[in-house]
Amino acid sequence: STEYIESFIDEINSNNNDVETPLYPGSAISIRDACDRLIHYFFPLGCRLPRTIFTLFKMTNNDYRSEVSVRCVECGQVLVQSNEEKCSTFCIHNGKHRSYANKAELAIMNVEIEIKRVAERYINLINDYPKQAEHLVPCDIINGQIYHQMSNSKSERNITIILHTDGAPAVKASTTIAEIPIPLRDWKSAVMVFGIWLASSKPPRDHLLKPITIQLQKLMESKILLKQANGSHLWHNVRVQQAIFDLPARAHLLNIVQYNGYDGCGDCFIKGM
Ligand SMILES: [Zn+2]
Ligand SMILES: [Zn+2]
C-alpha cells in the first residue's frame with residue numbers, strides 16, 4: 001500500500017548510515033542500495049508516490065477539505081520549509097538542524113464539510129432517532145439530563161458533537177454525532193475526523209484543538225444547512241456535548257498534572273496523598 005511505501009522511503013532517508021551498512025555480513029551492496037533496487041523493481045521509472053499527506057491531498061484533489069502544515073514538534077510553530085531551523089525563540093529545537101524527528105505534520109479538516117459528509121449520509125436516522133430513543137435505548141446519552149439541558153434541545157433538528165482524541169504519539173481528533181443511534185454512531189462510516197497530528201510526540205497544547213474549536217464555535221452560531229432525503233435543505237443546530245480523552249491526554253489538554261500527582265483532580269481541590 002501507499003502508506004507502507006511512504007514510511008519505507010522515509011525510513012531509508014532517516015537512516016543515513018544504511019548508505020554504508022551492508023545488507024548482510026559480506027554483502028556487496030548496502031541496505032540503501034538494496035532498497036533502491038527493490039523500489040525500482042516493483043515500480044517503473046518515474047513513479048512518484050506521494051510521501052506526505054500534503055502531496056497526497058493535492059493529488060487526490062482533497063485540498064479544499066483540509067489545511068496541512070509542517071510544524072515544529074515541540075512548539076508547534078509553522079515551518080515554511082520542512083528543513084527550516086528557526087521556530088520559536090524559547091524552543092529547544094530553535095536554530096538547530098531540523099531532523100525528521102523534530103518535525104510534525106498537522107492536518108486540520110474543514111469541520112463543516114466533515115459534518116455534512118456524515119450527517120447527510122445518515123440524515124433520516126438523525127431526524128428520527130431522537131424521537132424514538134427514549135423507548136429504543138433508554139440509557140443512551142441522548143436521553144440524559146445534560147443532553148436535554150443544552151440549548152436548542154426543544155428543537156427537533158440538532159447535530160450534537162462528541163469529541164474524542166485517540167492514539168499516541170500520532171493523535172487523531174475524531175468526533176461522533178449523538179443523534180446517530182448506537183452502534184452505528186461509532187462505525188467508521190459515521191465517525192468524522194477533524195484533525196490529525198503526525199509526529200514522534202504528542203501535540204503542543206492548543207495546536208490541534210484550537211483550530212477545531214474555532215470552526216465549531218462558528219458553526220454553533222451559524223447553524224448548518226443539511227440536504228434531506230427528499231432533496232430539500234434544512235438548518236440544523238450544531239452543539240458540542242462532551243469531549244472524551246484518556247487520562248494522560250486529559251491532563252495534557254487541560255494543562256493539569258497527571259492523575260497520579262498532587263492536585264491531580266480536575267474537578268475538586270483535593271491535594272492527594
Ligand atoms: Zn520549536
Ligand atoms: Zn476530585
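Four donors count as tetrahedral if all angles lie between 85 and 135 degrees. The model on screen is predicted.

**Whole chain**

The chain has eight helices and seven strands. Of its 273 residues, 35% count as buried. Now take contacts between residues at least 6 apart in sequence: 57% of them join residues at least 24 apart.

**Stop 1: zinc ion (ligand 1)**

Select the zinc ion (ligand 1). Which residues coordinate the zinc ion (ligand 1)? Show Cys72, Cys75, Cys87 and Cys91: each donates its SG, at 2.2 to 2.3 Å. The angles among the four donor atoms run from 105 to 113 degrees, and the site is tetrahedral.

Now trace the donors along the sequence. Their spacing is C-x2-C-x11-C-x3-C. Cysteine 75 and cysteine 87 both lie in the loop between strand S1 (66–72) and strand S2 (103–109), so this pair ties together parts 12 residues apart in sequence. Are cysteine 75 and cysteine 87 buried or exposed? Both are buried.

**Stop 2: strands S1 and S2**

Stay here and select the two strands. S1 and S2 pair in the antiparallel sense, over seven bridges.

**Stop 3: zinc ion (ligand 2)**

Move to the zinc ion (ligand 2). Its donors are Cys265 (SG) and Cys268 (SG), at 2.1 to 2.2 Å. Water is not among the atoms, so sites may look incomplete. Check the accessibility of the two donors. Cysteine 265 is partly exposed, with a relative accessible area of 32%. Cysteine 268 is also partly exposed, at 39%.

**Stop 4: threonine 165**

Select threonine 165, in strand S3 (residues 158–166). Its relative accessible area is 10%, and the residue is buried; the cut-off for buried is under 20%. What does threonine 165 touch, leaving out residues up to four places away in sequence? Show Val171, Lys172, Ala173, Leu209, Ile244, Phe245, Ala249 and Leu253.

**Stop 5**

Begin with the bond between isoleucine 182 and proline 183. This peptide bond is cis, with omega about 0 degrees. Proline 183 lies in the loop between strand S4 (171–177) and strand S5 (192–198).

Next, pick lysine 223, in the loop between helix H7 (209–222) and strand S6 (224–227). Its phi is near 70 degrees, a positive value in a residue other than glycine. Lysine 223 is partly exposed, at 39% relative accessibility.

Then go to asparagine 255, in the segment after helix H8 (247–254). Here phi is near 60 degrees, again positive in a residue other than glycine. Is asparagine 255 buried or exposed? Asparagine 255 counts as exposed, at 53% relative accessibility; the cut-off for exposed is over 50%.

**Stop 6: rings**

Finish with arginine 239 and tyrosine 147. The charged end of arginine 239 sits over the ring of tyrosine 147, 4.7 Å from the ring centre. Then look for pairs of aromatic rings. How many aromatic pairs are there? The count is zero, with the centres of two rings required to lie within 6.5 Å.

Methods:
Residues are numbered from 1 along each chain as its sequence is written. Chains are lettered from A and ligands numbered from 1 in the order in which they are written. This is a predicted model: local features need pLDDT of at least 70, side-chain atom pairs count only at pLDDT 80 or more; totals for chains, interfaces and linings use all residues. Side-chain values use heavy atoms; hydrogens and water are left out. Rings of Phe, Tyr and Trp (its six-membered ring) pair if their centres lie within 6.5 Å; planes under 30 degrees apart count as stacked, over 60 as edge-to-face and the rest as tilted. A charge sits over a ring if NZ of Lys or CZ of Arg is within 6 Å of the ring centre and within 35 degrees of the ring normal. Donors are N, O and S atoms within 2.8 Å of the metal (3.2 Å for Na, K and Ca); water is not among the atoms, so sites may look incomplete. Four donors count as tetrahedral if all angles lie between 85 and 135 degrees; four count as square planar and six as octahedral if opposite donors are over 155 degrees apart and all others between 65 and 115; anything else is irregular. Helices (H or I, at least four residues) and strands (E, at least two) are DSSP runs, numbered from the N terminus. Buried means under 20% relative accessible area, exposed over 50%, partly exposed in between (1.4 Å probe, protein chains only). Two strands pair if DSSP finds at least two bridges between them. Contact means heavy atoms within 4.5 Å.
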